[in-house]
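Subject: Structure handover

Hi,

Here is the structure for you to look at. My notes on helix packing, cavities and pockets follow below it.

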Amino acid sequence: GGRGEALLKTHYIIGVVHAADSSEQAVQRYNETAQHLNRVAGLLFDPHITFSVIPVITPGAIQVDKAAVDQGLVDFVLVPPFIAACSIEAGLTLPLAVVHSGGGDDLMRIGTVIFTSASNLDIDSVQDIRGKRIASVHHASLSDFLPAADLLESVGIHAAQDNEMVTLMWDRTSDIVNSVFSGVNDVAFLGTDFLQSYFAKENSRPFSDFKFLNTDNAMERRQQPSNLQEASIAEGIPEYFFLATTHVHWRVQKAVTDALLRLEAGDKASIQGGYNAFRPPPNLFAVTRLLEHFNVLQPSAVSGMRECANVWSLADTVTCPTGWQPKPETELGTIDFMSSSFTSGSCTENGLECAGLYCLCSPCLPAPMTLIFTEGGRNLCTKMGSCGGVQTEQKATRVYGVEYRYADIASPQNC
């Protein structure tokens, strides 16, 4: 290529991850996809180029590792939409295609459901979810917690702060479901992909045991949802994205994209990969809107791009109602994948014990309030009022007005 153009290589590495697989299983799942690229895309180049699959993304990772990209250790990745959105926003990757595992043309395949037990007479709509116990996967999950929290917010309920406890169990779908039916938790937020896998198991509860919630009253519906798509509360998000890192030559990107889009449901790669086809990638606006709204996607002071915050730091990514802020990490607790127990001062002080990977118990506190007084400190300034004057070098007095907010309390703590 010309100056500044990415260099052609003879071998390209595809980093893969899959929520349902171990590292070895993920490689086995997508190995035939790499072989397909060898046969279709690789032969277009002289000398021929080849592709292989490696496991990538450790548990809990939020984006493709920048060092691995910079060092050329990975050229393409096949990752969930959360990691895809974070990596694209950080300027590390470019979307080439998206996995499509269903029929029709709808690419928003993964929806979100809110459910309780059908025998629970106290909860018939999301408006009833206040002061309850919630089970879910992760507080920044795009297919589980965030869409449900977004819906609750629309009816005036903050999912974390306005409920007794939120238990986050990561990938323990059966435990999440069982915790609701045992009465340990009142409701659960789950992605349709996780719940679909649950229903495929022999010992799963029947669909009729579930009461799926939305803003309407479940008991007053003419007809209950008959499948997970009907039960979903949101438009949904795409499936796994096939991304190219930014150093991959444009000709290779094009050849790979064309080869992926040629795959059909009956091909060996599709059967082994558990998908029907690849499609051109959809717009990620719905995904990035949720990440922005819930303080996960933030401006980077270093790169000038936007980047996803560390979602394993509760103090950095727990969102709070307006006028509130997250409690200190010492009270929220520290998430540890290797630990079998989680300790949160915020939960302990309320007599609550966490049975998940981690829990949120009233994680917010009122933000500090600033009170502004007139000169001499005797009276509060009125909003946009004159609080005093400052003498400038030009010997002219400029009067400054300030806008402030404060609580009507007799003994303000943060003057």
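First, a definition for the helix angles: axes are lines fitted to C-alpha atoms, for helices over the stretch in contact, and angles run from 0 to 180 degrees between N-to-C directions. Helices (H or I, at least four residues) and strands (E, at least two) are DSSP runs, numbered from the N terminus. The model is predicted, so to speak of local features we need pLDDT of at least 70 and for side-chain atom pairs pLDDT 80 or more, while totals for chains, interfaces and linings use all residues. Residues are numbered from 1 along each chain as its sequence is written, and side-chain values use heavy atoms, with hydrogens and water left out.

**Helix packing**

Helix α5 (residues 173–181) packs on helix α6 (residues 192–199) at about 85°, with the axes 10 Å apart. That makes α5 roughly perpendicular to α6 (65 to 115 degrees; under 35 is roughly parallel, over 145 roughly antiparallel, the rest oblique). T173, S174 and V177 of α5 meet F194, L195 and Y198 of α6, where contact means heavy atoms within 4.5 Å. By class, this contact has 4 nonpolar, 2 polar and no charged residues. Ala, Val, Leu, Ile, Met, Phe, Trp, Tyr, Cys and Pro count as nonpolar, Asp, Glu, Lys and Arg as charged, and the others, Gly among them, as polar.

Next, α10. The axes of helix α3 (residues 81–89) and α10 come within 10 Å and cross at roughly 80°. That makes α3 roughly perpendicular to α10. From α3, the contact uses P81, F82, A85, C86 and E89; from α10, V287, T288 and L291. These residues divide into 6 nonpolar, 1 polar and 1 charged.

The axes of α4 and α10 come within 11 Å and cross at roughly 70°. So α4, too, is roughly perpendicular to α10. The crossing is left-handed (near helix turned anticlockwise from the far one by less than a right angle; clockwise would be right-handed). L146, P147, D150 and E153 of α4 touch R289, L290, L291 and H293 of α10. This contact divides into 4 nonpolar, 1 polar and 3 charged residues.

**Cavities and pockets**

The search ran on a 1 Å grid over the protein atoms alone. A cavity is a set of points where a 1.4 Å probe fits but cannot get out; a pocket is an open set with protein on both sides within 12 Å along at least five of seven lines; lining residues have an atom within 4 Å of a point. Grid points are joined across faces, edges and corners, and a volume is the space filled by probe spheres set on the points.

The second largest pocket has a volume of about 230 Å³. Of its 16 lining residues, P147, A234, E235, R289 and L290 are closest to the centre. Both α4 (145–154) and α10 (285–293) give two or more residues to this lining. The lining has 9 nonpolar, 4 polar and 3 charged residues.

There are 2 cavities of 30 Å³ or more. The largest cavity holds about 140 Å³. Its lining has 16 residues, with F145, H158, A160, F294 and T319 nearest the centre. Helix α4 gives the most to that lining, with 4 residues.

**Backbone checks**

D46 and P47 are joined by a cis peptide bond, with omega about 5°. W170 is not glycine, yet its phi is positive, near 60°.

Best wishes
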